Amino acid sequence: MNTYSIAVIPGDGIGSEVIDEGIKVLKLLEEQEEVTFQFEYFDWGSDYYRANGLMMPESGLESLKNFDAIYFGAVGDPEIPDHITLNGLLIPMRKGLDQYVCLRPNILFPGVVSPLVNPNVDLVVVRENTEGEYASVGGNFKPDTEDEVAIQTAIFTRKGTERIIRYAFEVAISRSKTPKLTSVTKSNAQRYGMVFWDKVFQEVASEYPNVETESLLVDAACMDLIRRPSEFDVIVGSNLFGDILSDIAAVITGSMGLAPSANINPEKQFPSLFEPVHGSAPDIVGKNISNPIAAVLSAGMMLRHLGESELDEKIIRSVYQLIEDKKVLTPDLGGTASTQQLGDELVSILSRI
Ligand code: GGG
């Protein structure tokens, strides 16, 4: 029997609401299958910051290294600047645990209403997750004076660029017999980092002659995600562009509440982190209407990463069934169900699969 140790960090806002439902699903699988979990909860996030002046303890990363995986909710609080919350919790975990792949699959489930007319969406955004525009290199010169200057530098290393592009080619091959990979940059304006990315993309592409490739500027890619989403299969982009493109890709599938993600260290030298794409959603926190599907699908991605792909398949099938039934849906999907009711319904469907 496989046992996995999971660090659970619900974080801020609706994080704990949706993670509770994900844990419910994992506990059902535990009852049903030959798998067990050892969950350990960490109260890191904005409340921890209010009490301790840090989003997580200084030894936080070290303690996470002992786990098989991290199950994360959300970060962000209206009372604390976003650059403190994000840079104090999520970004240090991605960088410190070398989770250089951020995998964000987006599917338009049959029956879900997209803001677009009749789109067909089944794509994956592969986002570079440890450097680029999120490298935190820069500084302020003469702050709070009339001469103040802010410098923010994006970092593109050969190692970092090559490995994410190569990973994206492998994802493309694993998804289709006629794989296609779109690389997104802004090399007409960003003449060093992004031109370098394009060069590395060409080099790595030569190792994958059977993959159709395309290079788009980020503005064109944003437009095309709206007007021809069906033509995308796998998209690879820098940290910032991957973040923006994956939000567009999520929202055209009908709700941010359906989009899961994985922050992966492919070499498994460190634990990977699994979280819904959505944030802490302070506008709906406590209303019990948050959609837990993205968190549940993220738990499925975690199981797949741990080698339990058949359990991920079961979770995905139960989500398809729940959406097809149209009986228990949260308001973002046109229903009236609460977060817990949707979670209970998923558990009930899953117990019959
Ligand atoms: N569960 C994802 C989350 O809390 N996201 C908040 C956020 O601001 N994310 C930015 C990012 O993913 O880089």
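Modeller: Helix α10 passes helix α11 in a left-handed crossing (the near helix is turned anticlockwise from the far one by less than a right angle; clockwise would be right-handed). Helices here are DSSP runs of H or I with at least four residues, and strands are E runs of at least two, numbered from the N terminus. This is a predicted model, in which local features need pLDDT of at least 70 and side-chain atom pairs 80 or more, while totals for chains, interfaces and linings use all residues. Residues are numbered from 1 along each chain as its sequence is written, and side-chain values use heavy atoms, without hydrogens or water.

The axes of α10 (residues 293-305) and α11 (residues 309-325) come within 7 Å and cross at roughly 160°. Therefore α10 is roughly antiparallel to α11 (over 145 degrees; under 35 is roughly parallel, 65 to 115 roughly perpendicular, the rest oblique). Each axis is a line fitted to C-alpha atoms over the stretch in contact, with angles from 0 to 180 degrees between N-to-C directions.

Now to the ligand. A polar side-chain atom of Arg-94 is 2.9 Å from a ligand oxygen, and an N or O atom in the side chain of Arg-127 is 2.8 Å from a ligand oxygen. Glu-275 has a polar side-chain atom 2.9 Å from a ligand nitrogen.

Terms used: A polar contact is a pair of N or O atoms within 3.5 Å; within protein, one must be able to donate a hydrogen and the other to accept it, and residues adjacent in sequence count only if both atoms are side-chain atoms.
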